[in-house]
Amino acid sequence: MIVAASARNVAIVGGGTSEWGERDATWKDLAQEGGKATFDAVPGVGPDDIEGLFVGTVQPERFAYQSHVAPMVAELLGIEVTEMTARTELACASGQAALRYAWLAIAAGQLDTALVLGVEKMNLGREHMPEMQASMANVLDREFDGVNGLSAPPFFAWYAQRHMHEHGTTREQLSLVAAKNKSHAANTDFAQYRSEIDPEDVTESPKIAPPLHLYDCSGITDGATGVILMSEEKAREVTDTAAWITGSGQSSMAGNSINNLPSFSGWPQARKASQNAYEQAGIEDPLEEIDIAEVHDCFSISEIIEYEELGFCERGEGGQFIEDGRSQIDGDVAVNTRGGLLGCGHPLGATGVSQALEVTRQFNGDVESDRQVDDPTTGLIHNLSGSGSVHSVMVLDRDPQ
Amino acid sequence: MTDADTNGGNTERERVSVPDEVELPRLLDFYELQTEDQTQIHEFYENLRDGQLTTTQCTDCEAIHFPPRIVCPKCTSDDLEYVDLPHEGELFAFSEVRGGLPMGLSEHDVPYVVGVVDLGPVRLSGRVDDAAYSDLEIGDPVSLKIVEIDGPTDEERVFYRFEPQDGDSR
């Protein structure tokens with residue numbers, strides 16, 4: 001990976017979010033709520049300042065019967081895009097994809113100020129849940145995998161089964177992840193699930209795709225979250241406490257359908273993506289250097305595998321890592337302080353943006369005290385997407401390099 | 001404002017309508033359209049209809065693909081041929097879907113088992129019929145079966161599934 005010597009530093013200067021959950025609101029309502037919350041949270045930056053607009057969203061065509069949504073957002077928020085705009089789609093990593101494009105555009109000197117907005121409208125009414133499930137099954141190869149009724153819960157259940165089979169990971173360890181994250185969300189005011197739960201509650205919830213129970217799964221969520229990215233010169237004019245993007249990596253391994261995935265107990269793509277990001281950020285020992293990690297816990301097993309692939313522990317030791325409390329807020333690395341996807345819900349395109357906002361707010365000491373990490377300086381966001389065929393990692397720091 | 005603008009008076013509003021049902025392309029039922037005029041991998045489906053699971057192999061670099069292709073992802077050759085795959089394999093991973101069926105499959109019975117089957121040359125996902133989650137273990141031998149798909153198209157469509165080999169499940 002070569003980072004051009006001329007690349008400019010890029011900061012996330014702040015952002016805001018709509019309420020997440022089952023919302024009585026349309027896709028356009030959510031986009032406006034998320035946009036307003038973002039501008040309200042960043043004094044000194046308004047729609048007139050935005051030169052680039054990147055909208056992360058996965059299936060507005062199916063969920064809201066609407067395409068070409070980036071210019072729609074521009075109109076709704078009064079943004080005259082002068083440099084660059086697009087909607088990004090990378091399934092569950094669409095928000096991070098939008099962040100990555102905005103970062104690159106600013107780093108390359110094409111523009112100075114960008115709005116990244118993630119939006120998803122997923123709840124169409126309980127009676128239309130099959131439509132939502134169909135849209136989710138289509139993120140796999142529809143012709144050969146989705147066709148088998150392979151939705152997300154059984155797919156990730158395979159990873160839990162294989163990880164237990166190969167490494168001795170326990171059902172209790174899965175429950176510890178779910179209980180940690182859902183309980184964190186009790187301290188997050190926009191989260192979909194705001195109740196503390198015990199590990200026993202997880203195995204008492206319905207077994208929807210064994211070995212996974214309902215509480216091992218993230219939600220079906222409506223929501224929108226935005227952040228504003230700026231070049232260093234512009235960022236210095238509006239804030240002293242930005243989150244600087246110091247590294248960003250992605251990896252896919254020419255495998256998307258079941259036959260072509262490299263593993264069913266690990267994600268070498270996450271290892272590769274994080275190594276790329278670490279190299280750019282100058283991180284040699286991720287466990288030592290990263291204080292807060294917002295990782296893609298779409299299912300409890302995902303977080304256990306991610307401890308391993310992101311370099312916090314050896315392969316096979318992710319279960320022990322949560323059991324030893326090392327990913328707690330006061331542990332070696334605080335993982336999913338806002339409650340993760342398990343607690344906050346997962347409005348697909350908004351998730352990566354919300355993760356970046358959490359790290360930014362943690363740096364600023366601007367979250368509920370119960371979930372505040374003690375003086376964090378380095379953070380990470382991670383998303384997987386589709387069949388886990390792509391992994392995206394971004395490193396954030398309180399100081400530019 | 002006038003009465004006509006607000007409809008506060010006697011003016012009857014014009015009514016417009018939408019269809020009671022909207023017919024969508026068969027694409028939305030998950031199963032691909034399988035004939036020669038619709039897909040260039042129709043030979044895969046024709047072979048399956050004749051009782052044989054096949055896939056493509058590159059005649060230039062000999063790579064075996066699954067799913068079948070029209071271009072080899074290893075060497076970009078388009079000189080591919082269909083080769084037989086084994087109909088027996090081992091269960092590599094599995095789970096059981098107990099609810100939340102996608103539209104287009106919503107007439108299927110839950111619960112059902114969906115797993116990864118290792119056939120040797122390839123590893124593919126598939127439904128495992130005639131078995132419950134509690135009956136199965138990693139490594140269990142399974143056999144291919146072929147199902148015909150009833151549906152609103154004139155075309156006779158087929159697909160593959162698996163079932164336990166010992167036949168004593170459930």
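Modeller: Chain B reads α-α-β-β-β-β-β-β-β along its sequence. This is a predicted model: local features need pLDDT of at least 70, side-chain atom pairs count only at pLDDT 80 or more, and totals for chains, interfaces and linings use all residues. Residues are numbered from 1 along each chain as its sequence is written, while chains are lettered from A and ligands numbered from 1 in the order in which they are written.

Colleague: How do you know how many helices and strands chain B has?

Modeller: They're DSSP runs, numbered from the N terminus: H or I over at least four residues makes a helix, E over at least two a strand. On that basis chain B has 2 helices and 7 strands.

Colleague: What share of chain B is called buried?

Modeller: Buried residues are 31% of its 170. The test counts other C-beta atoms, placed from the backbone, within 10 Å of a residue's own: 20 or more is buried, 12 or fewer exposed, in between partly exposed.

Colleague: Over to chain A. What makes strands 3 and 8 edge strands?

Modeller: Two strands pair if DSSP finds at least two bridges between them. The open sheet has 10 strands in the order 3-2-4-5-1-6-10-9-7-8, with mixed pairing. Strand 3 (84-88) and strand 8 (334-335) of chain A each have a single partner strand, so one side of each lacks a neighbour in the sheet.

Colleague: How do you know that strand 2 and strand 3 of chain A pair?

Modeller: Strand 2 (residues 52-56) is joined to strand 3 by 5 bridges, and the two run parallel; that passes, because pairing asks for at least two. G56(A) sits opposite T88(A) in strand 3.

Colleague: And which residues count as touching between chains A and B?

Modeller: Contact means C-beta atoms, placed from the backbone, within 7 Å. By that test chain A gives 31 residues and chain B gives 32. Helix 5 (129-137) and helix 6 (152-167) of chain A each supply at least two residues of chain A's side.

Note on methods: Contact = placed C-beta atoms within 7 Å.
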